[in-house]
Amino acid sequence: MNTLSKDVVNIVFFSGMFGKSERVFSTFTQNLRRKLIHRECRYHYLSLKGHDRPGGVQPYSLGTYFRDLRIRVKTIAETGDVLAIGHSLGGLIAKFVLEEVLNSIGVASIASAPIPKTPLPWQVQWTILRNPLYLRAMWKREVFKLERRDANWIMFNSLSQERADRVFKTMTPESGPLLWEIATRQFREGKNILNPQSLFCPLLEISGKEDKTCPPRFGKKITNFYKKRGIDAQHVVLPGGHFSVLENPQTADVVADQFFTD
């Protein structure tokens, strides 16, 4: 068992598809810092491989992203305890990278992607199937960009027009093979990569009530999945959609109260 001091906590952020971590969590981090002003925390922003630099996104599979982030988190964990906070696909990945981190204090999963064998919402399925751009990217194993009309429908439904404009401008291209895996639930690395069994730290699932991409039923199902395995798992539903839940100050409040209450 790791005996590193709990006085220093590494808060590690994981963004999902189309996102750069530091931008996705910008407002959330400001709210969280205000809550933790008297705590010694280090903030680390981890994006999917290549998403943090122009032209860096390649047609990677989830397994490639997963292995890259696990290595980076292990290095961070050598300097202090770890709290992982993930959004969307980042929420799913956060659970996996902490499986082997013994000095983890918890996972906060916000608008998290679902566990395996959970069908995507019909709005997301229809968005993918009706657009030749996305079908080609999956078939040809190419990189693609999310179109604005689709982002408005499934991700920005609870954002103001001004905020939606700012978020869309920061969105990165994405991997066609990754979209194929998410859409079909056929993961190249096998079943185990999306069937985490070895998470030992507490889990907090936060869902946005108006989220069309990862609706609250996903958070409920994930929570029940881990509760059956003896994990201290909680599910909270807050006002907001897929991105706007990050803008809600209550989201940071819930995370701080769950993991940092003395």
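The model is predicted, so local features are described only at pLDDT of at least 70 and side-chain atom pairs only at pLDDT 80 or more, whereas totals for chains, interfaces and linings use all residues. Residues are numbered from 1 along each chain as its sequence is written, and side-chain values use heavy atoms, with hydrogens and water left out.

**The whole chain**

Begin by displaying the entire protein as a cartoon. Its secondary structure comprises 12 helices and 8 strands; these are DSSP runs numbered from the N terminus, with helices (H or I) of at least four residues and strands (E) of at least two. The C-alpha trace spans about 50 × 40 × 35 Å along the principal axes.

Next, colour the residues by accessibility. Of the 262 residues, 56% are buried, where buried means under 20% relative accessible area, exposed over 50%, and partly exposed in between (1.4 Å probe, protein chains only). The protein exposes about 12200 Å², of which carbon and sulfur atoms supply 52%; the areas come from the Shrake-Rupley method with a 1.4 Å probe, and for residues only the protein chains shown count as cover.

**The nonpolar cores**

Select Phe14, Leu89, Leu98 and Phe156. Within the largest nonpolar core, which has 55 residues, these four touch the most other members. Such a core is a set of buried Ala, Val, Leu, Ile, Met, Phe, Trp, Tyr and Cys residues joined through side-chain atoms within 4.5 Å. Helix H3 gives the largest share of this core, 7 residues.

Centre the view on Leu98. Beyond residues up to four places away in sequence, Leu98 touches partners including Val73, Val82, Leu199 and Cys201, a contact being heavy atoms within 4.5 Å. Then move to Cys41, Leu238, Val255 and Ala256, which belong to a second, separate core of 26 residues.

**A loop residue**

Select Val57, in the loop between strand S2 (40-46) and H3. Is Val57 buried or exposed? Val57 is buried, at a relative accessible area of 10%. Leaving aside neighbours within four places in sequence, its contacts include His51, Tyr65, Val143 and Pro173.

**The salt bridges**

Side chains of opposite charge can pair when their charged atoms come close. A salt bridge here is a side-chain nitrogen of Lys or Arg within 4 Å of a carboxyl oxygen of Asp or Glu, and the count comes to 11.

Select Arg72 and Asp68, whose salt bridge has an N to O distance of 3.4 Å. Both lie in helix H3 (residues 62-77), and because they are 4 residues apart, about one helical turn separates them. Arg72 is partly exposed at 27% relative accessibility, as is Asp68 at 21%.

Finish at Arg149, which forms a salt bridge with Glu147 at 3.7 Å between the closest N and O atoms and another with Asp150 at 3.8 Å. Glu147 is partly exposed at 31% and Arg149 at 49%, whereas Asp150 is buried at 0%. Shared partners join Arg130, Glu147, Arg149 and Asp150 into one salt-bridge network.
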